[in-house]
Amino acid sequence: MASAVVSFPLNKGKSIPAIGLGSVLLDGDQSQVVNAVLHAIKVGYRHFDTATLYGTEGALGEALAEAFKNGLVRREEVFITSKLWSSDHEPEDVLSAVKKSLSLLQIDYIDLYLIHWPLRFKKGSAMPPKEDEYLPVDIKATWQALEKCVEEGLIHAIGVSNFTVEKLTSLLDHAKIVPSVNQVERHPVWQQKKLKPFCDAKGIHVSGWSPIGAPGAIYGTQIVVSNPVIQSIADKHCKTAAQVGIQGSSLYLRGPLLHSELHK
């Protein structure tokens, strides 16, 4: 099944699988991540997304180590994304954060590493941070530290998450390495009509998180799965609204294949 997974080329020469398994936990049960990742590998998933904030890098690393040991998949066949948290933006903290992620993931390099948010917090800040825990942002310094990690081979591609056109424009003014990816919330109901063309023009791949709106999560919404147009498409093709949402999100990255039905 892995050979059938569509991938998109990135500007750093790597390719990112179109569909990936996220690892945000709702109840803190790390075994859920291990079991889900192992099952996902068996059915063909090759892209796995985590972050320092999620607290699941260790569980993903455990699953990957078991998969490699048992011959389910080779390291070069999987694509791992992780993210720098907002309390690690200081240049001197970036390298240690990357090395900690590598240790937890039990791998020698991370395929894609993102700045999780264009925000900076004091060390030890809880979520959500208090007003006095926000610090001035210096994306230039943080980005330069990530570029050094690429030079050292610890990361193969770097990018950002939740960046607007304005934030990206500011970053591009000084970046030696153009971001490979901007990961943002994107689905058929929220298509990022301003951001997507901008990123396309700059060679930045847009990756969509929560393709069905993350219903059930504290930050989630029913806006995708309850959308009457999406539900009508699902009924027409004997699919669920979630299936249409995921497929629609993926197709929107390639072209407006569902555009006519979603906007009748």
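## Strand β5 and its neighbours

Asp 49 has Thr 81 in β5 as its bridge partner. This belongs to the parallel pairing of β4 and β5, which spans three bridges; strands count as paired if DSSP finds at least two bridges between them. Helices (H or I, at least four residues) and strands (E, at least two) are DSSP runs, numbered from the N terminus. The model is predicted: local features need pLDDT of at least 70 and side-chain atom pairs count only at pLDDT 80 or more, while totals for chains, interfaces and linings use all residues. Residues are numbered from 1 along each chain as its sequence is written, and side-chain values use heavy atoms, with hydrogens and water left out.

β5 also runs parallel to strand β6 (residues 110-115), to which four bridges join it. Lys 83 has Leu 114 in β6 as its bridge partner. Between these two strands the chain passes through α3, and this β-α-β crossover is right-handed, that is, the path from the first strand over the helix to the second runs clockwise with the strands pointing away from the viewer. β4, α2 and β5 likewise make a right-handed β-α-β unit. Six of the six residues of β5 are buried, so β5 is largely enclosed by the rest of the structure. Buried means under 20% relative accessible area, exposed over 50%, and partly exposed in between (1.4 Å probe, protein chains only).

## The sheet as a whole

In what order do the strands of the open sheet lie? The seven strands follow the order β3-β4-β5-β6-β9-β10-β11, with parallel pairing. β3 and β11 are the edge strands, each pairing on one side only.

## Strand β10

Strand β10 (residues 181-185) is mostly covered, with five of its five residues buried. Two bridges join β10 to strand β9 (residues 155-161), and the two run parallel. Ser 161 stands opposite Gln 183 in β10. The chain reaches β10 from β9 through helix α5 (residues 165-172) in a right-handed β-α-β crossover.

With strand β11 (residues 205-209), β10 pairs in the parallel sense over five bridges. Val 184 stands opposite Gly 208 in β11.

## Helix α1

Helix α1 (residues 30-43) has 14 residues and reaches 20 Å from its first C-alpha to its last. That is close to the 20 Å expected at 1.5 Å a residue, where the expected span is 1.5 Å times one less than the number of residues. Its buried residues are Val 33, Val 34, Val 37, Leu 38, Ala 40 and Ile 41. They lie on the same side of α1 because they cover an arc of only 160 degrees around the axis, taken from the directions from the helix axis to the C-beta atoms. An α-helix has 3.6 residues a turn, so residues three or four places apart point the same way.

The cover over the buried residues of α1 includes β3 (21-22), β4 (47-49) and α2 (57-69). The face turned away from the buried side carries the exposed residues His 39 and Lys 42. Gly 44 follows α1 and has a positive phi, near 120 degrees.

## Ser 87 and the cysteines

Ser 87 is found in the loop between β5 (79-84) and α3 (91-105). Is Ser 87 buried or exposed? Ser 87 is buried, with a relative accessible area of 16%. Not counting residues up to four places away in sequence, Ser 87 touches Asp 93, Phe 121, Lys 122 and Lys 123 (contact means heavy atoms within 4.5 Å).

The structure holds zero disulfides, a disulfide being a pair of cysteine sulfur atoms within 2.5 Å. Cys 199 is buried at 0% relative accessible area, whereas Cys 238 is exposed at 70%.
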